[in-house]
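The stops below concern charged side-chain pairs.

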Amino acid sequence: MDFSHKAIEKKWQKIWKEKEVYKTTYNNDKKAYVLDMFPYPSGSGLHVGHVKGYTATDIFARFRRMQGYDVLHPIGWDAFGLPAEQYALSTGNDPREFTLKNIDTFRTQLQRMGFGYDFEKEVNTAHPGFYKTTQWIFQQLYKQGLAELRNVEVNWSQDLGTVLANDEVEIKDGKMVSERGGHPVVKKTMKQWVLKITTYAEKLLSGLEALDWPQSVKELQKNWIGKSEGVEIIFHTETGIDLKVFTTRPDTIYGATYLVLAPEHPTVQSITIKEHLAEVEAYIEQAKQKTEIDRKDESKTKTGIFTGAYAINPISKTKIPVWIADYVLNDYGSGAIMAVPAHDPRDWDFAIKFNLEIKFVLEAKDQSKAFVGETKHINSDILNGLDRKQAIEKIIEKIETEKLGTKKINYKLRDWLFSRQRFYGEPFPIYYTEDGNIGLIDLEDLPVTLPQTSYIKPSGTGESPLANVQEWVNLTVDGKNVKRETNTMPQSAGSSWYYLAYILTDQPNQLIDLESNEAKERFAKWMPVDLYIGGQEHAVGHLLYARFWNHVLYDLNLLNTPEPFQKLYNQGMILGPDGRKMSKSWGNVISPDDVLQSHGADALRLYEMFMGPLDASLPWSYDGLDAALKWLNRAFRLVNKTTFSTTNNQELDFIYNDVVKKVTTMVEELKLNTAISQLMVLVNAFYKYEPSTIYQPYIEGFIKMLSLFAPHVAEEMWAMLDKQTMLVQESWPSFDQSKLIEKTITIVFQVNGKLRGTKEVEIDLDNQTLIEFAKADENVEKFIHNKTIVKEVVIPNKIVNIVVK
């Protein structure tokens with residue numbers, strides 16, 4: 001008899017909820033904080049890709065509970081964002097209502113999957129109870145000098161009425177457009193709030209070392225932070241303006257044959273001579289139409305324009321031209337480079353295109369392309385004959401002695417643009433006085449909530465839609481008229497600290513104060529997060545921002561650990577049945593709701609974990625899903641209406657203890673597909689015996705292990721054994737090491753080196769007994785009958801080989 005997933009899933013989900021079996025506990029010294037990356041509650045609901053990561057964390061949380069850990073396994077919603085606002089604009093509905101409806105859908109889907117979340121810990125970034133703390137944290141950043149207003153160049157969409165992050169912009173037909181909706185985007189200088197994450201560049205870099213993260217993610221963050229040690233050298237121009245150039249290879253300065261400035265460099269207009277000004281200004285406008293990614297693309301043909309100005313190489317004293325080119329970015333280094341085309345491929349391509357001088361200063365056999373290897377210096381006066389290290393030391397000494405520049409450390413990391421011109425985001429807890437001073441909203445007046453209004457269209461002035469709500473913008477502080485900040489925070493604000501919010505929450509969206517003594521005690525228990533599972537796409541966005549905020553709060557003595565996430569695991573994608581990424585446009589999206597209806601939650605969970613390694617991206621297969629359900633039914637039939645033995649005949653001792661040991665290790669290491677394969681091995685072993693001879697504690701151990709992957713059917717099987725407890729409250733099965741010593745071994749019988757038979761025998765039998773077993777084998781006897789035995793070779797516990805002629 002097979003099980004009915006529809007019947008048992010509803011039954012056990014109801015019981016689990018009534019008994020509060022997933023409530024966070026505070027009873028043990030051992031703790032496990034198991035976390036999923038923050039989901040955005042979109043209108044389309046969960047897809048089977050979500051299910052993969054969420055199932056893995058659920059398995060690990062159940063595992064730790066059964067091992068006697070206090071477990072915090074929460075869920076919440078990254079609820080602010082442009083999609084909800086765009087939906088509201090197109091439909092006339094309030095984005096808050098739309099978001100709450102989506103959250104209800106997501107929550108129901110998660111519960112139907114049997115995930116063991118503590119829903120009392122649920123948070124929602126768009127709830128005032130949550131963003132009160134977001135606003136408080138911003139005020140601490142401001143007080144520490146880490147938040148400031150600054151004129152910055154941004155990606156501006158007039159149609160959307162907001163600034164867009166770089167990853168929200170794409171190039172179509174050579175023009176920048178918004179990823180969402182394809183609206184035109186232009187570069188524009190605006191006064192924006194900026195968070196000075198660069199202040200923490202070194203801490204963010206060094207903090208990576210102790211983290212149990214994929215090396216690929218660590219490398220992405222290291223490259224994003226981009227630490228470079230070098231020298232800032234001063235180049236004088238004929239117009240009297242000094243240009244500061246940062247380089248990590250000052251030893252190649254004798255080969256610097258021109259300078260290149262970023263189009264945005266503040267001196268461009270000043271140093272450009274009159275005859276070239278129109279061309280330069282046109283080029284600057286052209287550069288504004290390119291994204292940063294496009295400008296960094298080394299495969300693109302180099303473009304640039306001559307300013308007409310010249311600078312003096314401070315070491316070689318030669319006169320070199322000054323160009324501007326969009327492959328140089330203004331916010332790295334000084335926004336100016338000394339071009340050494342003989343030893344840099346980008347500079348080489350540029351020099352070839354514009355017929356600029358190329359001078360080799362490193363010995364190279366092939367001078368038909370840029371040489372970037374290690375060799376002796378040439379054409380470099382005092383550096384000739386020196387290697388790289390020697391040359392760098394000598395040229396730095398000269399530069400510093402002659403006051404031509406200074407040593408400097410640079411980072412590619414840029415400060416975090418923190419303003420958005422949107423309605424649906426966290427309001428800033430800031431106001432401005434009539435004379436332009438900045439004030440902080442008093443703590444007792446937090447949170448600053450969004451007004452109730454139906455008018456959330458873009459203001460048209462570059463301000464957020466909040467600027468339209470005058471009764472909200474204008475307020476009185478200490479008897480003076482002031483105006484609120486009308487920009488809102490980006491969606492990444494709430495997701496930069498949400499993992500702390502779960503710790504502070506006892507009822508949904510009801511948080512204790514982050515700076516309270518109770519909060520410190522809770523952080524001391526739960527932080528850092530022990531296992532964080534999510535996609536690699538957040539490697540240099542969310543993960544970097546969250547680490548930054550955590551470091552700041554640690555430095556304020558509010559947290560016990562500088563790093564938020566101790567172990568990170570990136571799960572792979574589930575592709576469509578056609579092997580492509582799931583997309584509505586491809587028509588290959590699999591809805592978990594359909595699978596829940598046809599196969600049930602346990603089969604879906606089991607299939608997704610068994611389809612391959614957790615970090616692999618693999619195509620969906622209905623055959624694989626069918627096989628998962630078939631196997632669950634096989635396991636269920638083993639237990640259904642069966643009486644097992646209370647006496648251990650020891651026949652299954654080795655296989656049971658071996659499987660428990662392996663599954664324990666494999667779950668610990670998140671090798672979940674191989675853990676399932678071990679459970680299949682155990683079921684196969686069970687089926688070799690009459691049920692009445694199988695030792696019941698071994699069946700119980702199997703059901704406990706199965707409950708990680710298929711909790712509903714496991715709970716049903718547990719009840720069939722007349723158990724009154726919930727499986728997740730049971731102890732994880734242990735293994736007996738003494739039972740893992742093999743007592744028998746399979747011996748191979750050969751005649752003249754060819755396999756002729758096998759036999760399972762006791763370990764360490766003497767050679768003569770093994771030879772007798774071999775000769776007694778019916779098949780072996782055929783090949784030695786009437787033959788002369790030349791030699792009998794025995795390899796103990798492995799082979800008997802009889803040589804005949």
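This tour visits selected salt bridges in turn.

The model is predicted: local features need pLDDT of at least 70, side-chain atom pairs count only at pLDDT 80 or more, and totals for chains, interfaces and linings use all residues. Residues are numbered from 1 along each chain as its sequence is written, and side-chain values use heavy atoms, with hydrogens and water left out.

A salt bridge is a side-chain nitrogen of Lys or Arg within 4 Å of a carboxyl oxygen of Asp or Glu. By this rule there are 41 salt bridges.

First, select Glu668 and Arg64, whose side chains form a salt bridge at 2.4 Å, N to O. Glu668 belongs to helix 21 (residues 653-668) and Arg64 to helix 2 (residues 48-66), so that distant parts of the chain, 604 residues apart, are linked. Helices (H or I, at least four residues) and strands (E, at least two) are DSSP runs, numbered from the N terminus. Is Arg64 buried or exposed? Arg64 is buried at 10% relative accessibility, while Glu668 is partly exposed at 33%. Buried means under 20% relative accessible area, exposed over 50%, and partly exposed in between (1.4 Å probe, protein chains only).

Next, select Arg107 and Asp104, a salt bridge of 2.9 Å, N to O. Both residues lie in helix 4 (residues 95-112), three residues apart, about one turn of the helix.

Then select Arg522 and Asp506, which meet in a salt bridge at 2.8 Å, N to O. Because Arg522 lies in helix 16 (residues 517-526) and Asp506 in strand 22 (residues 505-507), the pair ties together parts 16 residues apart in sequence. Arg522 is buried, at 10%; Asp506 is partly exposed, at 36%.

Finally, select Glu148, Arg150, Lys196 and Asp415, which salt bridges with shared partners join into one network.
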